[in-house]
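Hi everyone, thanks for coming. Let's take a look at this one together.

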Amino acid sequence: MKDNTLLQLNNISVVYSDVIQVLKGVSLLVEQNKIVSLLGSNGAGKTTTLKAISGLLKPENGKVTDGTLMYEGKEIQNSAPEDITRMGIIQVLEGRQPFKYLTIEENLRVGTATRWGKPYKKDMELIYDYFPPLVKRKKTLAGYCSGGELQMLVIGRALIAHPKLLLLDEPSLGLAPLVVKEIFKIIRRINEEQGTTIILVEQNANMALQIAHYGYVMENGKIVMEGKADELKKNPDVREFYLGMGASGLTKSYKDVKAYKRRKRWL
Amino acid sequence: MDFLIQLLVNGISIGFLYGLAAMGFVMIFKSSSVLNFAHGELLAAGAFIFLTLVTWAKLPIFLAFVITLAGTFVLGFVIERLFLRPLIGEPLIYVIMLTVGLASIFKGLMLLIWGGNLYIYPDFLPAHLSIQMGSINIPPVYVISIVIGLLFLTLFGFFFKFSSQGIYMRSVADNQTASLSLGVNVRRVFALSWAIAALVAGMSGIILGIINGINVHDLSSVGLKVFPVVILGGLDSIGGAIVGGLIIGLLETFTGGYLSPSLRDVVPYIVLVFILLVRPYGLFGLVEIERV
Ligand SMILES: Nc1ncnc2c1ncn2[C@@H]1O[C@H](COP(=O)(O)OP(=O)(O)OP(=O)(O)O)[C@@H](O)[C@H]1O
Ligand SMILES: [Mg+2]
C-alpha cells in the first residue's frame, strides 16, 4: 500500500437482506487530498458503495460479505456508523435529507455530533464563508429552504465535522445548472483549502470529471473502467454513455434506447 | 364564579401533570416510533418509590423527591438497555407488544410489593403554600403542581432548543438516517428519551399521588389517559402534548364539577373518539412540510 492511500476497497461484495447481492467485487483506491469520482447509471451500486464505506448499510440490513475496506491502515468493513464518523468519514446522503423541523443553524450543529463539547461558533463561520446564502436563512426551518440552499446545508453540515474523507452522493441531483456549477466550485475549494479527500458520486459525469482527479465507472455492481479524469473525459465510451456525446463530439439525443442496449453488450 | 375559578385552577394543575406525562410518551414515540404502553406503570413507580422513601426510609421530602427523579431516570435508561435495545431493527409491533408485556410485569411487581391498597402520603406540604383569594382557596398541592409544571416546561424548552443533546434528539426524530450519517449516537438518544420520559412520568406520578392518593390500579390507568392527551395534541408534537394535557385536565374537572363526578373519567375517551373521527392527526400535530 502506498503511503498516501487514505482508503482502499479490496474486492468487496455487499449483500442486502442476506440474499440480494448488489456489489460484486468492487475495488477502488482513494489517495489523500484527492477528489475521486464514482460514475455510473441508476442502480449501478454507487450509493451502496458509499454506504459500505460509511457504515450506513447496517440500518438497511446490508452487509459487506467479502473483501476488505482499509482506511488509514485499519479494516473498517461493517463497523458502526458512530465509530466510522469519528474516524473522520462523513457521508452526505443522496437526495439532501435535511432535518426539516430544525433551523439551518440547528442542522449545522448536528454536524458537530462527532466531537465533544468543543465550541462550534468558529466552524459555523467557516461554513457560512463557504456557503454565503445560508447566512440569511440561519433561523429558517430547513423544510422551507430551496433545493440549492439545502444542498449547501447538507454539505456544510458534513464539513463542520472536519472530515478527512467526505462522501458526496449526487450533489447535483435536481438542481438548476447554475446552482450545480456554484456547488461544484465550492466542492473544489473545500478540497483545495481544507485538504479534504472527497469521493464524488455523480450522474452528471461532465461536471464531476471537471473537478475530479481520478474517476471510476460502475455498472451492475462492478467497476468497469477507471482512470485519470482527463483520460476518462477523452475515452470514447465514457463520452458516449456518460457525457452524452458521440465520438464526433455531437450530442446524441434520439439514440438513448439504442445506446442503452449497446451498453449492456459492452459489459 | 368562584367555583368556576376553583375548577379552572384544579383543571390546569391536573392538566399540567397529564401534559408532562404525555410529553414523555411523545418523546419516546418521536425518537423511536414506539408507543409505550407501560407509561402508566412508570407513573405508578415514581409515586411508590417516593412513598417508600418518605414513609419507610423517612428521608426528608426534598431529598426523597430528588432521589425518586434520579431513580426513575435510571429506571427508564435500564428498561431501554435491557428490553428495547435488543429489539432495535425488529418490526415495531414486536416492540409495542413488548411494552404491553412490560406493563403487566411492572404492575404485577408493584402489586406484589405494595398490594392494591390506597396509600396516602403524610401531609408534608406547608400550608402557607396555599393561595387564598376571597372565598377561593387553592390547596398547596395544586400550586406546587402548576409551579413544577411550568418549571419543567421551561427546562425542557431550553433543553430541546439550545443543548446539544436536545438538538440531537430532535434530529433523530426528524431523520434517523441523516443523524446516523453525521455520527449522532442514535442508541444514546433512544436511551435518553426513555430516561427522561420515565423521569417526568415519575414526577407526575408523585404529584398525582398527593392529589388522589396512591394506588397501583389508579395510577397505571393514568397511562391510558395519555392516549386521549396525545391524540388531542398530535402524537408527534411535544408542545401539543402539554396543550392536550391541559384540555383533558380542564374537561375532567369541569365535568366532575358541573355534571357528575362519575362522568369525569369517561369524558377524555369520548373526546378521544370524537377527535379521531374529525382530526385523526390531532389538533396540534406537526404540519407536514411538503416541499424539499
Ligand atoms: N436496502 C436495499 N435492499 C435491497 N436492495 C437494495 C437496497 N438498496 C439498494 N438496493 C439495490 O441495489 C442496487 C444498487 O442500488 P444503489 O442505490 O447503490 O444504486 P446507485 O448507483 O446509487 O443508483 P442511483 O444512481 O439511482 O442512485 C439497486 O438495484 C437497488 O435496487
Ligand atoms: Mg444512488
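**A metal site and a helix pair**

Let's start at A:Thr47, which counts as buried at 19% relative accessibility; buried means under 20% relative accessible area, exposed over 50%, and partly exposed in between, with a 1.4 Å probe and protein chains only. A:Glu94, with 31%, is partly exposed.

Before going on, a word on the ground rules: this is a predicted model, where local features need pLDDT of at least 70 and side-chain atom pairs count only at pLDDT 80 or more, while totals for chains, interfaces and linings use all residues. Residues are numbered from 1 along each chain as its sequence is written, chains are lettered from A and ligands numbered from 1 in the order in which they are written, and side-chain values use heavy atoms, leaving out hydrogens and water.

So what coordinates the magnesium ion, ligand 2? The donors are A:Thr47 (OG1), A:Glu94 (OE) and A:Glu94 (OE), at 1.8 to 2.7 Å. Donors here are N, O and S atoms within 2.8 Å of the metal (3.2 Å for Na, K and Ca), and water is not among the atoms, so sites may look incomplete. A:Thr47 lies in helix α1 (residues 46-54) of chain A and A:Glu94 in the loop between β6 (89-92) and α3 (104-110) of chain A, so the pair ties together parts 47 residues apart in sequence. Helices (H or I, at least four residues) and strands (E, at least two) are DSSP runs, numbered from the N terminus.

Now over to chain B. B:Val141, B:Tyr142 and B:Phe152 are among the residues of α5(B) that meet α8(B), where B:Leu192 and B:Ile196 are among the partners; contact means heavy atoms within 4.5 Å.
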